[in-house]
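Hi everyone, and thanks for coming.

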Amino acid sequence: MEGKIIVVTSGKGGVGKTTATSSIGAALALEGNRVAIVDMDIGLRNLDVVMGLENRIVFNIVDVVQDRCKIEQAAIRDRRIENLFLIPASQSDNKDVLTTAGIERIAKQLRSKFDYIIMDSPAGIERGFENSVVSADEALVICTPDVSAVRDADRVIGLLYARSLSPKLIVNRIEPARVMRGEMLSHEDVLEVLSIDLVGLVPMDEKVLISSNTGTPLVLQTDSKAGAAFRQIARRLNGEADLPIEMPVYKTSMWQKISKTFGLKQ
Amino acid sequence: MIHFKNAAPVKIKGVGGGLWISLDPSRPEDLLITEVDKIFKKLKHLAVNASVVIDMGDAPGHEDLFALVKTRLIEKFEVGRVTSPPKKQSVPTQRIRQRDLFKGWNHHRSDVLMLRGRVRSGQKIDTRRHVVIFGDVNPGAEILAGGDIIVLGRLSGKVHAGNPENETAIVFALAFDPTSIKIGTITAAGSEETSHAMPEFACVKNKSILVQDYMKTNPFKKMPWPEAV
């Protein structure tokens, strides 16, 4: 069976595309799929650091597209998770070295070798974005509950629709306490403006920072709320579309006390 | 034998509750006066207190003749009231009104661009016609219309109605919250307050943009008949 190319994009930078890409990729691999994660951010390579694979890079995606190596040579196998591969970006080139035709040719090969290919799109809507979405079968739009992120996501959704892709939404970095206090948009507010299918809600989690800096997969940390949310998203993408979406809730101290009294988990 | 060229300079007929006198103002004044006298003498007491309409055709500038005939009729023949014929409605107004009677809109070509769905950030709708949108206009979206802009949803984007200089255009939205609004050549910034959930409309009054509650000041309330646009 042919694999599926999923592009992860957002328009705005710093909303968690790279974290989402690595986490969803890792979670899909844990589900037993053969997964390739492709860093499309040519010139600003990040994904290898987040996955802790930076010192194993020999070839990169530019080498593959320009026929200097085979996909197998560029794909780095993850040590901890079986069936998880990273095809890194080039740090020394810029986005213009890749052409959409080149990407389409490689996409065909990737589909035949993997079950899921997750493409980490760069921020912006220029060449890098075009290259990332040109051969995508599905698109995930990451958005944080900020007015500026919502506007950029809205723009990107319009561009994806124009390419006959129906994107799905992940709302990242939700802080239920702030939503409660009215300091932050709620995911309902975000959905009202963007009105596309929601595939997951990811709460704010400090573990993400630790995981990125130490290069350990977030989804392997059992006590990470964000990691759990990404695992759920991966299951939804992997065919369990009906899996209910958990709302991040803010537990008041009162509720925490009651929970403790009755011996419930916090 | 009938001489069409020499048709009678003064004709009379009975209409509704009175008399209708048609005068040919191109004929000499004396002739017209004698003809009027002749006719009214024959009428005798029928003319007393009658309501008379003097019709001098469409040609303008015969007020003197009208006044002369009017005083003569009132003083000499004791008619009750002398008026000029009611003004005919202009052709377009008449045609618009008749649309209702004859279902004229069945073959009316619409001047409206009607869209369904969400207008997203970065999308721009530019038309010389009126725009009706069934859906929301997100922040960052832009709408330019030669005529009115009607949004049956939340309007949060940037709008310019009456582009380039039609200041009679209006902007209406079920939830009116645009980032900026321009009608004709006049611009206004959006309100600082967020979450307006009211049906409001904007129009130009005294060279500035006025936003009003649609339910209180419906701009179409006073239009007595439906008009196709």
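Predicted model: local features only at pLDDT ≥ 70, side-chain atom pairs only at ≥ 80, totals over all residues.

Let's begin with helix H5 of chain A, residues 100-113. H5(A) has 14 residues and reaches 20 Å from its first C-alpha to its last, close to the 20 Å expected at 1.5 Å a residue.

Now, which residues of H5(A) are buried? They are Ile103(A), Ile106(A) and Leu110(A). If you look down the axis of H5(A), these buried residues fall within an arc of 70 degrees, so they line one face of the helix. Here is a handy rule for your notes: an α-helix has 3.6 residues a turn, so residues three or four places apart point the same way.

What do the buried residues of H5(A) pack against? Their partners in chain A include strand E1 (4-9), strand E2 (35-39) and strand E5 (116-120). Helices are on the list too, among them H3 (61-65) and H6 (127-133) of chain A. Turn to the face of H5(A) directed away from its buried side, and you find the exposed residues Ala101(A), Glu104(A), Lys108(A) and Ser112(A).

Next, the place where the chains meet. Chain A gives seven residues to the contact and chain B gives eight. On the chain A side, the largest share, five residues, comes from helix H7, residues 147-162. Sorted by class, that side of chain A has two nonpolar, two polar and three charged residues.

On to chain B. Its domain assignment gives domain 1 (10-83) and domain 2 (109-213). Taken over C-alpha atoms, the centres of these two domains of chain B are 57 Å apart.

Please find strands E1 (residues 10-15) and E2 (residues 18-23) of chain B, which pair in the antiparallel sense over six bridges. Within this pair, Lys13(B) stands opposite Trp20(B) in E2(B). The hairpin of E1(B) and E2(B) has two residues between the strands, and Gly16(B) takes a positive phi near 35 degrees there.

Is Val48(B) buried or exposed? Val48(B) counts as exposed, because it has 11 C-beta neighbours inside 10 Å and the cut-off for exposed is 12 or fewer. For a sense of distance, the C-alpha atoms of Val48(B) and Ile125(B) are separated by 69 Å, with the two residues 77 apart along the chain.

That's my tour, and I'm happy to take questions.

Notes: Residues numbered from 1 in each chain as written. Chains lettered and ligands numbered in written order. Buried ≥ 20, exposed ≤ 12 C-beta atoms within 10 Å, placed from the backbone. Contact = placed C-beta atoms within 7 Å. Helix = DSSP H or I, 4+ residues; strand = E, 2+ residues; numbered from the N terminus. Nonpolar A, V, L, I, M, F, W, Y, C, P; charged D, E, K, R; others polar. Domains from an automatic or database assignment. Expected span 1.5 Å × (residues − 1). Arc of directions from axis to C-beta. Pairing = 2+ DSSP bridges.
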